[in-house]
Amino acid sequence: MKRHLLSMNDLDKQDILTILDTAESMHDVQRREVKKLPTLRGRTVVNLFFEDSTRTRSSFEIAGKWLSADVINISGKGSSTSKGESLRDTVRTVAAMGVDGFVIRHSASGAAHQVSQWVDAVVINAGDGLHEHPTQALLDAYSMRQRLGDLEGLRVAIVGDLTHSRVLRSNLICLKTLGAHVTVVAPPTLMPSGIETWAQSEGFDTSYDLDAVLPTADAVMMLRVQRERMSGGFFPTAREYTVGYGLTADRLRSLQKHTVICHPGPMNRGLEITAEAADAAQSLILDQVSAGVAVRMSVLYHLFAGEGSLA
Ligand code: NCD
């Protein structure tokens, strides 16, 4: 395994399977009364979040704590970056305190990669702009595998705001590596430019017609409409978006019985997904949250204490 986790491209198929297998044993800790393993005792991990987050940040924090690491949280808003300090100076300042790792979320694509060049510590990308969010793809794969078994040959539809989604980019790499077949679905205004070339080279399909794709999918991953990254009008009204691309109660009925529903959260209930779909028995959304802790424990373990790590 490589030293940092900046992109899903840092992991080959064996690495991914190793992380998912370890996550399975880590998942047991969640069900114990005493949720503590001594594995990372004496290590210090800094969560450096320059964008808002509920599940990613807290699950990295819980994961680190359950492995007995010391975990520090720094957010953009409360730190000296709001006084004008550069990202480089901020991370080098924190690194100088002797920390072992950074988990970083930033609005700039490539930020985690940059940080890995500036510090000696291990760097984990927790979302960089529109680029990648590798641990999200790993927990998505973990959740789908738990419910559906091996992902080889699985048909996955990824639906919604593709243009602004780092979750999409990491999932395309992860799912392809694991042998799943992906179809991405979005209105034309939310299809990334150049998607056709990308789809051809990476071997996935594209569609504007959600109703045509749903009945054959084994897993449907709904992506959030990321209004905070939109400057202009990407669709006329919320209602029109839901009619064309929302996972509504009617569309829920068009799914096969075994088909699972994923969403990385946070959800816009009533926009890209209705309550019926979000709370259906087929929904994996809370399983994904639970898997997030186990997968992040596994990633921390492999990068800090696993074989071949610098530890
Ligand atoms: C995703 C993110 O931040 O990229 N959320 C998450 O990490 N759970 C997706 C999103 O914000 O829509």
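**A chat about the predicted model**

Biologist: Let us start with Ala-63: buried or exposed?

Modeller: Ala-63 is buried, and its relative accessible area is 0%. Please keep in mind that the model is predicted.

Biologist: Where does Ala-63 sit?

Modeller: Ala-63 belongs to helix H2.

Biologist: How far is the C-alpha of Ala-63 from that of Val-295?

Modeller: The two C-alpha atoms are separated by 8.5 Å, while the residues are 232 positions apart along the chain.

Biologist: And what surrounds the ligand?

Modeller: The shell consists of Arg-55, Thr-56, Arg-105, His-133, Gln-136, Arg-166, Val-167, Arg-224, Gln-226, Pro-264, Gly-265 and Pro-266.

Biologist: Which helices each supply at least two residues of that shell?

Modeller: Helix H2, spanning 55-66, does so, and so does helix H6, spanning 166-177.

Biologist: Which pocket holds the ligand?

Modeller: The ligand sits in the largest pocket.

Biologist: What lies 2.7 Å from an oxygen atom of the ligand?

Modeller: That is an N or O atom in the side chain of Arg-166. On the nitrogen side, a backbone N or O atom of Gly-265 is 2.9 Å from a nitrogen atom of the ligand. A polar side-chain atom of Gln-136 is also found 3.5 Å from a ligand nitrogen atom.

Biologist: How much of the ligand's accessible area does the protein cover?

Modeller: On its own the ligand has 320 Å² of accessible area, and the protein covers 95% of that.

Biologist: Back to Gly-265 for a moment. What kind of peptide bond joins it to Pro-266?

Modeller: Gly-265 and Pro-266 are joined by a cis peptide bond, with omega at about -10 degrees. Pro-266 lies in the loop between strand E9 (260-262) and helix H11 (275-278). Both Gly-265 and Pro-266 are among the residues around the ligand.

Biologist: New topic, the cysteines. How many disulfides does the structure hold?

Modeller: The structure holds zero disulfides.

Biologist: What about Ser-68, what is its phi?

Modeller: Ser-68 has a positive phi of about 70 degrees, although it is not a glycine. Its place is in the loop between H2 and strand E2, which covers 70-75. Ser-68 counts as buried because its relative accessibility is 16%, and the cut-off for buried is under 20%.

Biologist: Then another serine, Ser-207. Where is that one?

Modeller: Ser-207 is part of strand E7, residues 205-207. Ser-207 counts as buried because its relative accessibility is 14%.

Biologist: What lies 2.9 Å from a polar atom of the Ser-207 side chain?

Modeller: The backbone nitrogen of Asp-209 is at that distance from the Ser-207 side chain.

Biologist: Last one: where is Val-185?

Modeller: Val-185 is located in strand E6, residues 181-185, and counts as buried at 0% relative accessibility.

Note on methods
Residues are numbered from 1 along each chain as its sequence is written. This is a predicted model: local features need pLDDT of at least 70, side-chain atom pairs count only at pLDDT 80 or more; totals for chains, interfaces and linings use all residues. Side-chain values use heavy atoms; hydrogens and water are left out. A disulfide is a pair of cysteine sulfur atoms within 2.5 Å. A residue is near a molecule or strand if one of its heavy atoms lies within 4 Å of it. A polar contact is a pair of N or O atoms within 3.5 Å; within protein, one must be able to donate a hydrogen and the other to accept it, and residues adjacent in sequence count only if both atoms are side-chain atoms. Accessible areas come from the Shrake-Rupley method with a 1.4 Å probe; for residues, only the protein chains shown count as cover. On a 1 Å grid over the protein atoms alone, a cavity is a set of points where a 1.4 Å probe fits but cannot get out, and a pocket is an open set with protein on both sides within 12 Å along at least five of seven lines; lining residues have an atom within 4 Å of a point. A molecule sits in a cavity or pocket if more than half of its atoms lie within 2 Å of its grid points. Helices (H or I, at least four residues) and strands (E, at least two) are DSSP runs, numbered from the N terminus. Buried means under 20% relative accessible area, exposed over 50%, partly exposed in between (1.4 Å probe, protein chains only).
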